[in-house]
Amino acid sequence: MADDVTVAVILVLVAIGAATFLETRFLRRKMKNRRVRTAKRDEEVQDESHNAIVTTKAILTSLERQGIRSEEATGWLREAEMAKGRRNYRVAIELTGKAKARLRSLKSAQAAKGDLAKLDSMSSTGSTTEMTTKEVLTKDVPPNLLQSKFSIGVAETALEQGRVAGRDTTQATQLLEAAKARFDAKDYAGALSIARLSKRASNGEVVDASIPPPVAAPPPTTSVGPTCSSCGAALEPDDVFCRKCGTRVVSTACVSCGASLRADDAFCRKCGTPVSG
């Protein structure tokens, strides 16, 4: 009876030993695989941080050549390089992301300001040719177009800064999209107003959420062309006789100097050229 108990105890101890050996071997293999995976992830993050720093440096250098500088972005890049040196690769990636976002916003604002800068660069004390050029540019550009375009760029910059600062930019984003839609619809006054609201919302101010209604476009004007002095029928610019009644068309402008003529003029009052009748 004692021999049977001894054999049973021995068998139990052998089974426990075998199980312990197998479990230890399994755990060692599992921990080894985990260390390998962790090493691979760290290596990938290290490469990613290196690439992010190189890319950010290239963007910074390119913008500096264009006259766009940011001490804030330069500081973040410097901190990212220090973090990489201390093997804080994820911190380096986060810092370069903030620097690139800042540089993108500055580039966008600079592009929006370009059109205004072209007009502002013309001196008001310049020659007659420069003043004429400025007057032509100002005349050809619809009211509030340049101002609204610039304000949208400023609002985009403020939105990026608000996101970096951790503020809730939901309302600012909605207002900015509405401003862009108004700009595309050529409602430049509405775009200007909403873009300014978006900038204030990005800065953390409480603004009125209601969006002003779009300005109705003025009805198209129909130009009235020349008409026959006899029957009132419409005439084409090159008509010599009325197509309806046959009356000879009297010229309304001098063929020599272009001065306007009256119906009873026989000679041009400006250059004396005979009026063909």
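I count a contact as heavy atoms within 4.5 Å. By that rule, residues 24 or more positions apart account for 50% of the contacts in the protein with a separation of 6 or more.

**Entry: ground rules.** I am working on a predicted model, in which local features need pLDDT of at least 70, side-chain atom pairs count only at pLDDT 80 or more, and totals for chains, interfaces and linings use all residues. I number residues from 1 along each chain as its sequence is written, and side-chain values use heavy atoms, with hydrogens and water left out.

Entry: I looked up the secondary structure and found seven helices and zero strands. Helices (H or I, at least four residues) and strands (E, at least two) are DSSP runs, numbered from the N terminus. Along the sequence the pattern reads α-α-α-α-α-α-α. I then looked up burial: 26% of the 277 residues count as buried. Buried means under 20% relative accessible area, exposed means over 50%, and partly exposed is in between (1.4 Å probe, protein chains only).

**Entry: nonpolar cores.** I take a nonpolar core as a set of buried Ala, Val, Leu, Ile, Met, Phe, Trp, Tyr and Cys residues joined through side-chain atoms within 4.5 Å. Which residues have the most contacts inside the largest core? They are Ala 80 and Leu 103, in a set of 14 residues. At least two residues of this core come from each of α1 (2-65), α2 (71-85) and α3 (89-120). I also listed the partners of Leu 103, leaving aside its neighbours within four places in sequence: Thr 56, Ile 59, Leu 60, Leu 63, Ser 70 and Ala 73.

**Entry: α5 against α7.** I checked how helix α5 (residues 145-164) sits against helix α7 (residues 188-202): their axes come within 8 Å and cross at roughly 20°. Axes are lines fitted to C-alpha atoms, for helices over the stretch in contact, and angles run from 0 to 180 degrees between N-to-C directions. Angles under 35 degrees count as roughly parallel, over 145 as roughly antiparallel, 65 to 115 as roughly perpendicular and the rest as oblique. α5 and α7 are therefore roughly parallel to each other. The crossing of α5 past α7 is left-handed; that is, the near helix is turned anticlockwise from the far one by less than a right angle, with clockwise being right-handed. On the α5 side the contact includes Leu 145, Ser 151, Val 154, Ala 158 and Gly 162. On the α7 side I noted, among others, Tyr 188, Leu 192, Ala 195 and Lys 199.

**Entry: α5 against α6.** I repeated the check for α5 and helix α6 (residues 170-184), which pack at an angle of about 160° with their axes 10 Å apart. The two helices are therefore roughly antiparallel to each other. α5 passes α6 in a left-handed crossing. Among the contact residues I noted Lys 149, Ile 152, Glu 156 and Arg 163 of α5, and Thr 173, Leu 176, Ala 179 and Phe 183 of α6.

**Entry: salt bridges.** My criterion is a side-chain nitrogen of Lys or Arg within 4 Å of a carboxyl oxygen of Asp or Glu. The count comes to five salt bridges. In one of them, Lys 57 meets Glu 81 at 2.6 Å, N to O. This pair links distant parts of the chain, with Lys 57 in helix α1 and Glu 81 in helix α2, 24 residues apart. Lys 57 counts as partly exposed because its relative accessibility is 39%, and Glu 81 counts as partly exposed at 32%.

Glu 205 is partly exposed at 39%, and Arg 200 is partly exposed at 37%.

**Entry: backbone phi.** I looked up positive phi values outside glycine. Arg 87 has phi near 70° and is found in the loop between α2 and α3. Arg 87 counts as exposed, at 65% relative accessibility. Asn 144 has a positive phi of about 70° although it is not a glycine. Asn 144 lies in the loop between α4 (128-140) and α5 and counts as partly exposed, at 28% relative accessibility.
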